[in-house]
Structures are given as C-alpha cells and as structure tokens.
Amino acid sequence: MSRAACSVLIVFGVFVPALTAQVPASAPFNPQDCKTCHDPAVFERLERTHHAGMSRSCANCHGNVAEHAATGDPSLVVSFKSLQPKQQNDVCLSCHERGDQANWHGGMHDRRKLTCLTCHSVHSFESTDSQLRASSEQAVCYTCHANVRAQTMRTSHHPIREGKMGCADCHNPHGSPTPKMIRAASVNDQCFECHAEFRGPFLWEHAPVRENCVSCHNAHGSNHERLLVARQPFLCQRCHLATRHPGTLYDFRNSSRGPSPSNRAVERSCRNCHTQVHGSNHPSGAYLGR
Ligand code: HEC
Ligand code: HEC
Ligand code: HEC
Ligand code: HEC
Ligand code: HEC
Ligand code: HEC
Ligand code: HEC
Ligand code: HEC
Ligand code: HEC
Ligand code: HEC
C-alpha cells in the first residue's frame, strides 16, 4: 500500500480487509491501559515510530486487544511468537505490499523462510533508520553473509565499510525481478546509476562490457586493483586464448625483472596498448587501442 493510501486508512480508521482476515478486530481501547501490565520497554521505541500514530494502534497487529486488556487473557491477542513465518509476513504485508516490498513473494529471502522480523523489529530495533534489529543495515546482512563482509575488507572495494554506500544501494533485500535481488533492471544498469560514463553506446563495443560488468569486476571487493577479478594479463586471457599475442603464455620471465620482459606483461600489461577496455569511440579504435 502506498504511503498516501495507507494514511487515508489511518485518517478514516477504516479496517484493512486483508488485515481483518489475518488479525481479528478489536473494540475501542486506550493504549495507555496496556502499560498497567506490560513492561514500559514495549512502548519506548514504538512511540517514536509511525506505527504508534496509527488509528487502531496496537490492534493493527495484535488483534482483539480490548478484550485482552479487560481480562489479561493472553489467548485473545495475536502473539508473533506463535505465528508461522508466512503469517507474520502477512500481517506486515497487509500494509507494506507495494513499493520496495512489492516483490517479496518468491524472492530469495522469502524462499529461504526469512521473515520481516528477521531484519526488522517493531518494539526493539537498534538502527536509527528503518527499524532494523542491528545498529546498521550492513550489520543486519553480515549476520548471514559473512563472505560478503570478507570481500568488502579487500584492498580495492566499494566504500561500503567506510559507510558511504550500503548493500541496499545495489540490492533490494525484499526481493526484485532481477537475479541476485539487484535493484535495477540488470547488473549493468545498476552500475550505470553511478558510473554513467561506461553506458555507451560506443563505436567499438567490447562484448563482455556490454554483457555484464561482473565478468571483470567483483562488486564487493578484490585484492587486485580496481575491483578486478584477476590480475592482468590473466584477466584478459581468461577469454582471449586462441590467437597470436593475446594467447601467449606470460610468466615471471616476461616480467620487468625477468630475462625477457614483454611489453604485454609489464606495467599495465595488455592495457599498455588496449587502453579503451570499456569501448572506444575513435574511428580506428577497433582494437580498443585508442
Ligand atoms: C491485566 C493485565 C494486562 C493488560 C491490561 C494487558 N495485557 Fe497483554 N498480556 C497480559 C498477560 C498476562 C500476557 C501473557 C504473558 C506475556 O506474554 O506477557 C499478555 C500478553 C500480551 C501479548 C503477547 C505477547 C507475546 O509474548 O507475544 C500482547 C501482544 C499483548 N499482551 C498486548 C496487549 C495490549 C495491546 C494491551 C492493551 C490494549 C494489553 N496487552 C493489556 C496481561 C495484560
Ligand atoms: C506494526 C505492528 C505492531 C504494533 C502496531 C504493535 N505491535 Fe506489539 N509486537 C509486534 C511485533 C512484530 C512483535 C514481536 C517483537 C518485535 O518485533 O518487536 C510484538 C511484540 C509485542 C509484545 C511482546 C514483547 C516481547 O518482548 O516479547 C507485547 C507485549 C506487545 N507487542 C504489545 C504491544 C502494544 C501494547 C502495542 C500498542 C501500544 C503494540 N504491541 C503495537 C507488532 C506490533
Ligand atoms: C496497519 C498498517 C501497518 C502494519 C500492519 C504494519 N505497518 Fe509498518 N508502517 C506503517 C506506516 C503507515 C508506516 C509509515 C509510512 C511508511 O513508511 O510506509 C510504516 C513504516 C514502517 C517501516 C519504516 C520505518 C522507517 O523508519 O522508515 C518499517 C521498517 C515497517 N513499517 C515495518 C513493519 C513490519 C515489520 C510490520 C509487521 C510486523 C509492519 N510494519 C506492519 C503501517 C503498517
Ligand atoms: C534481509 C533483511 C530484510 C528483510 C527480511 C526485510 N527487510 Fe525491510 N528493510 C531492510 C533494510 C536493510 C531496509 C533499509 C534499506 C531499504 O530501504 O531498502 C528496509 C526497509 C524497509 C522499509 C522502509 C523503507 C521502505 O521500503 O519503504 C519497510 C516499510 C520495510 N523494510 C518493510 C519490510 C517488510 C514488510 C518485510 C517483510 C515482508 C521486510 N521489510 C523484510 C531489510 C529487510
Ligand atoms: C537470516 C539470514 C540472512 C540475512 C540476515 C540476510 N540474508 Fe541475504 N540471503 C540469505 C539466504 C539463506 C540466501 C540464499 C542464498 C544462499 O544460500 O546463500 C540469501 C541470498 C541473498 C542474495 C542473493 C539472492 C539470489 O537471488 O541469489 C542477496 C543479494 C542477499 N541475500 C542480500 C542480503 C542483504 C542486502 C541483506 C541485508 C539487508 C541480507 N541478505 C540479509 C540469508 C540472509
Ligand atoms: C555496487 C553494488 C553492490 C553493492 C553495494 C553490494 N552488492 Fe552484493 N552483489 C552485487 C552484484 C553485481 C552481485 C552479483 C550479481 C551476479 O552475479 O549477477 C552481487 C551479489 C551478491 C550476493 C550473491 C552472492 C553470490 O555469490 O551469489 C550476495 C549475498 C550479496 N551480493 C550481498 C551483499 C551485501 C550483504 C552487501 C552489503 C555489504 C552487498 N551485497 C553490497 C552488487 C552489489
Ligand atoms: C551507488 C553508487 C555506485 C554504484 C551503484 C556502483 N558504484 Fe562503483 N563506485 C562508486 C563509488 C562511490 C566508488 C569509489 C570512487 C572513489 O573512491 O573515488 C566506486 C568505485 C568503483 C571502481 C573503482 C574501484 C577502485 O579501486 O578504484 C570500480 C571498478 C567500480 N566502482 C565498479 C562498479 C561496478 C562494476 C558496479 C556495478 C556492479 C558499480 N561500480 C556500481 C559508486 C557506485
Ligand atoms: C573486460 C573486462 C572489463 C569489463 C567487462 C568491465 N571493466 Fe571496468 N575496468 C576494467 C579494467 C582492466 C579496469 C582498469 C582500467 C584502468 O585503470 O585504466 C577497469 C576500471 C574500471 C573503473 C575504474 C575507472 C577509473 O578510472 O578508475 C570503473 C568505475 C569501471 N571499470 C566500471 C565498469 C563498469 C560500470 C563496467 C560495466 C559496464 C565495467 N567496468 C566492465 C575491465 C573491465
Ligand atoms: C569475459 C570474456 C572477455 C574478457 C575477460 C576480455 N575480453 Fe576482450 N573480447 C571478448 C569478446 C567476446 C570480444 C569480441 C570478439 C569478437 O567479436 O570476435 C572481445 C574483443 C576484444 C578486442 C577487439 C578485438 C576484436 O577481435 O574485435 C580486444 C582488443 C580485446 N577484446 C581486448 C581485451 C583486453 C585487453 C582484455 C583485458 C582487459 C579483455 N579483452 C578481456 C571477451 C573478453
Ligand atoms: C604492444 C602493444 C600491444 C599489447 C601490449 C597487447 N596488444 Fe593486443 N593487439 C595489439 C595490436 C596492434 C592489435 C591489432 C591486431 C594485430 O596487429 O595483431 C592487437 C590485437 C588484439 C586482439 C584482436 C586480434 C587478435 O589477435 O585476436 C586481441 C583480442 C588482443 N589484441 C588482446 C590482447 C591481450 C589479451 C593482451 C595482453 C595479454 C594484448 N592484446 C596486449 C597490440 C597490443
């Protein structure tokens, strides 16, 4: 539901049909009454969030709270502890089914049985934004994706560990139609959002650049320069093996300290001549040399 539509529901206090199916209705009540029996910690953070201002208050998520407050009978309220993952998600999705959450169903995290409450909390969140269980977005992700954390610690990396970029700049953790939950329509479109100069079109395209930036770069980090997945000339030779000089086997003998240094292996290696690896606009740039 969009923000606008949601606030309309709140202003008029109309029941959300999908929600009433999931969470039972409640007679009017005063949320302050809940404090007589419940730990103040339950209210503390909630009261600083949008959820506190909603017209049906606690009843939006906990159901028949009026009768429960009158009797103290726990069986009358919806407790998230006793809900299945799907039921928990349904409560949240009854209001958050659009926008970033629109592709939740069938997304990788849904399929792996994560719930909204794996990453979020309504009453005891730690982050300043988005009510996350950990103090930052990355910390939430790293509880499961330790390998990605290790990648961001490599010498060449996107400024993720410096806190200038987050995982959600490129991924939608709620799912997306693109593989690997990439936000944009493709990996390349994602990269172009910040690196527009590589969008082209170029007079002379380099096929793997058109196809997928991650054929040469690791988006999270690498111990080679410029996030490259391999060192040159091996980076290029993973594909260019067949003909003449591209496929020559270069080793330590061809390095600047070896007996027969090669201009194809030293310094910038293949890029000594093929400077325009992302594509060339020069009329005679067919070999990506200018
Ligand atoms: C007369 C005391 C009393 C009042 C008033 C009261 N509760 Fe409770 N509530 C309990 C008891 C007892 C339990 C079961 C033990 C527990 O989980 O704390 C409970 C459990 C709950 C639970 C389930 C907690 C869980 O573990 O998931 C929710 C949700 C809840 N109450 C909401 C409310 C709301 C909302 C109000 C105010 C409208 C309210 N309660 C008022 C006594 C009360
Ligand atoms: C937007 C949905 C939502 C609203 C509104 C909401 N709760 Fe909750 N409540 C939850 C969820 C989800 C949990 C499970 C723990 C968590 O995520 O913080 C929970 C847990 C609880 C618990 C158990 C606490 C514990 O630590 O186990 C109590 C008690 C409770 N809520 C009371 C209330 C009261 C009282 C209100 C209204 C003032 C309220 N809730 C409003 C979603 C909600
Ligand atoms: C009755 C409607 C309703 C339900 C149910 C509901 N929310 Fe919300 N939620 C809202 C509204 C309204 C806002 C504020 C506007 C917005 O961000 O969409 C909000 C905001 C949020 C935010 C953003 C907070 C921020 O700082 O930007 C998160 C995260 C969130 N809800 C998570 C949940 C989770 C998790 C659940 C299920 C336990 C849940 N919501 C259930 C209505 C609801
Ligand atoms: C894997 C962790 C994760 C899960 C699972 C998750 N979220 Fe989020 N959510 C985040 C992160 C991180 C952000 C903040 C970055 C962003 O906006 O994407 C966020 C932001 C939000 C926001 C506020 C920003 C917005 O999109 O409007 C809402 C609302 C929200 N989530 C709802 C949900 C709901 C509902 C579910 C369950 C269907 C859910 N989330 C499941 C990690 C998660
Ligand atoms: C509770 C554990 C958990 C948390 C927390 C978590 N993930 Fe995941 N994530 C998984 C699992 C399980 C998979 C399935 C792939 C796998 O087995 O490695 C996955 C897959 C992914 C994928 C690949 C999707 C695909 O289609 O292959 C991305 C991207 C991802 N997560 C991003 C995130 C981000 C960003 C966050 C933090 C906002 C996050 N995850 C938090 C468990 C988690
Ligand atoms: C600059 C964009 C960008 C950022 C920032 C980013 N990722 Fe990724 N991520 C990608 C791309 C691109 C892929 C690979 C997609 C592919 O292989 O098609 C990927 C793949 C993944 C995968 C799947 C890995 C696998 O081997 O299948 C996970 C999990 C993941 N990212 C988690 C994260 C987490 C957690 C963060 C934050 C610490 C993060 N990403 C930050 C772009 C990014
Ligand atoms: C949200 C913006 C953003 C997105 C999306 C993004 N980048 Fe970056 N990229 C940056 C920033 C910021 C830097 C660091 C620039 C600096 O340090 O001067 C950077 C640096 C780089 C570098 C140079 C690293 C170095 O060691 O100098 C490469 C290569 C790179 N990005 C590739 C990619 C690829 C491939 C993608 C798509 C998977 C991508 N970027 C997506 C913002 C982004
Ligand atoms: C064929 C391998 C290859 C592919 C595919 C590739 N790159 Fe590169 N990229 C390189 C090499 C090699 C360098 C180092 C170039 C240099 O420093 O002159 C580089 C450097 C970069 C840099 C750093 C530029 C700078 O001036 O510091 C960025 C940003 C970048 N690439 C983005 C991208 C994007 C975006 C894509 C996808 C559209 C992409 N690359 C696809 C090989 C590739
Ligand atoms: C992922 C595979 C891949 C990688 C890695 C790769 N290339 Fe290519 N390259 C290609 C393909 C495919 C073509 C198009 C070949 C064709 O059209 O016959 C191409 C074309 C070229 C051409 C133009 C020659 C021609 O026949 O059109 C040059 C020059 C070139 N690559 C240099 C490089 C250099 C230098 C590197 C390393 C920085 C590199 N390539 C890395 C796949 C790759
Ligand atoms: C000293 C300059 C120079 C260096 C260094 C160099 N090349 Fe070339 N390359 C050329 C020139 C010039 C051509 C144009 C065709 C020709 O005359 O062989 C070419 C053509 C190519 C072609 C397309 C035609 C063919 O032979 O298949 C590819 C692919 C290529 N180079 C890849 C590489 C790779 C990979 C490396 C690094 C191992 C590399 N080049 C290093 C100058 C260089």
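User: Which geometry does the site of the iron atom of ligand 1 have?

Analyst: This is a predicted model, in which local features need pLDDT of at least 70 and side-chain atom pairs count only at pLDDT 80 or more, while totals for chains, interfaces and linings use all residues. Residues are numbered from 1 along each chain as its sequence is written, chains are lettered from A and ligands numbered from 1 in the order in which they are written, and side-chain values use heavy atoms, without hydrogens and water. Donors are N, O and S atoms within 2.8 Å of the metal (3.2 Å for Na, K and Ca), and six of them count as octahedral if opposite donors are over 155 degrees apart and all others between 65 and 115. The 6 donor atoms here form angles of 88 to 180°, and the site of the iron atom of ligand 1 is octahedral.

User: Which residues of the protein coordinate the iron atom of ligand 1?

Analyst: The two residues link distant parts of the chain, 30 residues apart: one is in the loop between α3 (31-34) and α4 (41-44), the other in helix α6 (residues 65-71). Helices are DSSP runs of H or I with at least four residues, strands are runs of E with at least two, and both are numbered from the N terminus. Each residue coordinates through NE2, at 1.9 to 2.0 Å, and the pair is His38 and His68.

User: Is His68 buried or exposed?

Analyst: Buried means under 20% relative accessible area, exposed over 50%, and partly exposed in between (1.4 Å probe, protein chains only). His38, with 41%, is partly exposed. His68 has a relative accessibility of 15%, so His68 counts as buried.

User: How many residues surround ligand 4?

Analyst: A residue belongs to this shell if one of its heavy atoms lies within 4 Å of the ligand. The closest include Cys116, Cys119 and Arg183; a polar side-chain atom of Arg183 lies 3.1 Å from an oxygen atom of ligand 4. The shell divides into 9 nonpolar, 7 polar and 4 charged residues, where Ala, Val, Leu, Ile, Met, Phe, Trp, Tyr, Cys and Pro count as nonpolar, Asp, Glu, Lys and Arg as charged, and the others, Gly among them, as polar. The number of residues that surround ligand 4 is 20.

User: Which residue forms a salt bridge with Glu126?

Analyst: A salt bridge is a side-chain nitrogen of Lys or Arg within 4 Å of a carboxyl oxygen of Asp or Glu, and the structure holds 8 of them. Glu126 lies in the loop between α9 and α10 and its partner in the loop between α4 and α5 (59-62), so the bridge ties together parts 81 residues apart in sequence. The closest N and O atoms are 3.6 Å apart, and the partner is Arg45.

User: How far apart are the closest N and O atoms in the salt bridge of Arg210 with Glu205?

Analyst: Arg210 is partly exposed, with a relative accessible area of 31%, and Glu205 is also partly exposed, at 32%. The distance between the closest N and O atoms of this pair is 2.6 Å.

Definitions and conventions
A polar contact is a pair of N or O atoms within 3.5 Å; within protein, one must be able to donate a hydrogen and the other to accept it, and residues adjacent in sequence count only if both atoms are side-chain atoms. Four donors count as tetrahedral if all angles lie between 85 and 135 degrees; four count as square planar and six as octahedral if opposite donors are over 155 degrees apart and all others between 65 and 115; anything else is irregular.
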